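I opened the notebook to record what I looked up in this structure.

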Amino acid sequence: MQSKTPSRPVWIHALMLSAAIALTACSSTPEQAAKVEDRAATSTTSPSTQGLGTGTSTSPGAVTSAGTVGQNTNPDGLDPALRDPASPLSRRSVFFDYDSFSVKDEYKGLVEAHAAYLKRTPKARIVIEGNTDERGSREYNLALGQKRSEAVKRVMALLGVNDSQIESVSFGEEKPRNATQTEQAFAENRRADIRYVGE
Amino acid sequence: MNALTERCLAALRLLWIMGAMLGGLVASLGARAQLTIDIVGVGSQQIPVVTSEFVGDAKHSELLTTVIQADLARSGVIKNIANSGLPLTSELNADALAQYAARAADAAVVGSVTPSANGQFQVTFRLIDVPKRAQVAGLVYNVSAADMRATAHRIADVVYEKLTGDKGVFSTRLAYVSKSGSRYQLIVADSDGMNAISIVASAEPIISPAWSPDGTRLAYVSFENRKPSIFVQNVSTGSRQALIVARGNQSAPAWSPDGRSIAFASSQAGGTQLFIAGADGSNARRLTTNSSVIDTAPHWAVDGKIYFMSDRGGSPQIYRIDPSGGNAERVTFEGSENANPKVAADGKSMVFVKREGSRYALAIQDFASRQVQTLTQGPVDESPSFAPNGKLIVYASVYNGRGVLAAVSADGRVKQRLASSGADVREPAWGPFVR
């Protein structure tokens, strides 16, 4: 997507990549990681409008620099934080109860972290992919997966994310994470996944 | 994409396996095609027919006889009488007639296959009413060797129609999806599972194939763009186009009876509602308007109405609506969940998937009497599709942990299974009559 990697020699990329890895791996130093957590925390405790305000006003400095490092060091141009196991942004799946599309409280933090990231990274785009277990007709499950996807999108919209950054789609029952026929598998398959465009 | 990967399909050779049933009981008869012909037994309901060897070219004669007998057996309403030792004739022959009568055949098929000019063959056949000692039908075909199997299906269609009054469907085709590992293929085959060709191959899921009423095109849903999108593809040339390019999902295509429009489900306005567009994707408009409910799985019936499933009443049930809009009318009232309606070609009945406890089975509803009859036992039967004569319904089922296709007669008495080695098969769509 963002291929603005001009004419730097390869070794510079390598250096920057290792720097980025060092930064993200060490949780105490980097301002960036702290900012991410702050934002999530802010959104959890404050109304969505306020979340929008803080997100746009305070973030630029720290976050842009993190974003730039990521864009210049990753082959896909994406922020390494998205893959960093220590970052809440690496958590991508929201799980649902049977025949339900309501986002449970335990996933609020995850959704808020992504919402905050999207607000401070206007170029970032996500696709939310809804999934269901295999019970019921394929067409109905596509529609149910769409409800799950849209439920996550709605939370993000309330948190102030621009509609154009999110596309809701559904895979229904067609792409199960666990293809066995157990309650455990069904639970794993009832979910919405957040995927950043370019991943 | 549209390469005819005949080679890859060797492992997917499909065999119709037939079960003989009474009163809707499913009897599994093992995995050998030969069983089908011997065991079909709905007693006096079956018409005994003898298909004689064809006079002339031995190889083509055997193919013709074998295919005709297999077709007639699959109908479930015809019983094949052994033809060994009969006088070889393609005419009304007195000695042969005496033998047909002695074997209690009500009808006999005789014919010939002989080389003609340019590598072609002339195939003749006669259908004989044995008790009346009279010819009922007689036809001549000039065909290439490659068309011999298709010719046998056409003969079987004539025999079936003359004996039952209903048009035969042996010359029709099936579309279905095969999944082998992570490889999905949209396959088109003869109604007996032979001549299977792959018209789409993808690493992403393919679902919901639907034949255009003239049988030239298939609409289907492919996930190749990492979301469900509808494509319309010419079956013989392979050329195709996306029906609609829009945000979100486009799914569940259904052709209008005149082939000019396609109804489908879309999330472009949020939720999942029904839309209608021209078959080229033009003039898309929204048909159902409540974004907070699910409306999907449309089927455009011969009565002009669009049948679909909706959870607007709380549970998923079947409704119908006029394509011009207005209020939808609820059609199913029994059961906690009813899905995927398909209306028969005569408009008199509707087959659908009915949930019974944790099982999903096929049921048929007669519109006049409102009677609902359960046709199959599940536990995971889905995606029903009527044969164009309304007598058989093909559907997806699970057998020994594998996706298989199955067929049931509209009265629930005849059942068959179409299994595949090495692949899950699902999402069948029975094509229209061949013109």
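Entry 1. I began with B:Arg240, which is partly exposed, at a relative accessible area of 28%. The model is predicted, and I kept that in mind for each entry. The side chain of B:Arg240 meets that of B:Glu224 in a salt bridge, 2.4 Å from N to O. I placed B:Glu224 in the loop between S12 and S13 of chain B and B:Arg240 in strand S14 (residues 240-242), so the pair ties together parts 16 residues apart in sequence. B:Glu224 has 25% relative accessibility and therefore also falls between the 20% and 50% limits, as partly exposed.

Entry 2. I then looked up another pair within chain B. B:Arg149 forms a salt bridge with B:Asp192, and their closest N and O atoms are 3.2 Å apart. This pair links distant parts of the chain, 43 residues apart: B:Arg149 sits in helix H4 (residues 148-164), and B:Asp192 in the loop between strand S9 (183-190) and strand S10 (197-202). B:Asp192 counts as buried because its relative accessibility is 11%.

Entry 3. Which residues form the salt bridge of 2.6 Å, N to O? I found the side chains of A:Glu167 and B:Lys227. The pair crosses between chains, with A:Glu167 in strand S3 (residues 166-172) of chain A and B:Lys227 in the loop between strand S12 (217-222) and strand S13 (229-234) of chain B. Both A:Glu167 and B:Lys227 are buried. I noted a second pair, B:Glu382 with A:Arg138, whose side chains meet in a salt bridge at 3.2 Å, N to O.

Entry 4. I turned to the counts for the interface. On the chain B side, at least two residues each come from strands S11 (206-211), S15 (250-255), S19 (295-300), S23 (338-343) and S31 (424-430). The residues of that side divide into 14 nonpolar, 11 polar and 10 charged.

Entry 5. I looked up the extent of the interface next. In contact are 35 residues of chain B and 27 residues of chain A. The two chains bury about 2400 Å² between them, 50% of it on carbon and sulfur atoms. In chain B, the residues that lose the most area to chain A are B:Arg226, B:Arg247 and B:Ile294, together 25% of what that side buries.

Entry 6. I listed each chain by itself. Chain A has 7 helices and 4 strands, in the order α-α-α-α-β-α-β-α-β-α-β from the N terminus. Of its 199 residues, 52% are buried. I also found a network of salt bridges in chain A that links A:Asp133, A:Arg135, A:Glu183 and A:Arg190. Chain B has 4 helices and 31 strands, and 55% of its 435 residues count as buried. Among contacts with a separation of 6 or more, residues 24 or more positions apart account for 73% in chain A and 43% in chain B.

Entry 7. Last, I checked B:Ala269, in the loop between strand S16 (261-266) and strand S17 (273-278) of chain B. Is B:Ala269 buried or partly exposed? B:Ala269 counts as partly exposed, at 35% relative accessibility. Leaving out residues up to four places away in sequence, B:Ala269 touches B:Phe275, B:Arg286 and B:Ser291.

Technical notes. Residues numbered from 1 in each chain as written. Chains lettered and ligands numbered in written order. Predicted model: local features only at pLDDT ≥ 70, side-chain atom pairs only at ≥ 80, totals over all residues. Heavy atoms only, no water. Contact = heavy atoms within 4.5 Å. Buried area = accessible area lost by both parts, 1.4 Å probe. Salt bridge = Lys/Arg side-chain N within 4 Å of Asp/Glu carboxyl O. Nonpolar A, V, L, I, M, F, W, Y, C, P; charged D, E, K, R; others polar. Buried < 20%, exposed > 50% of the residue type's maximum accessible area, 1.4 Å probe, protein only.
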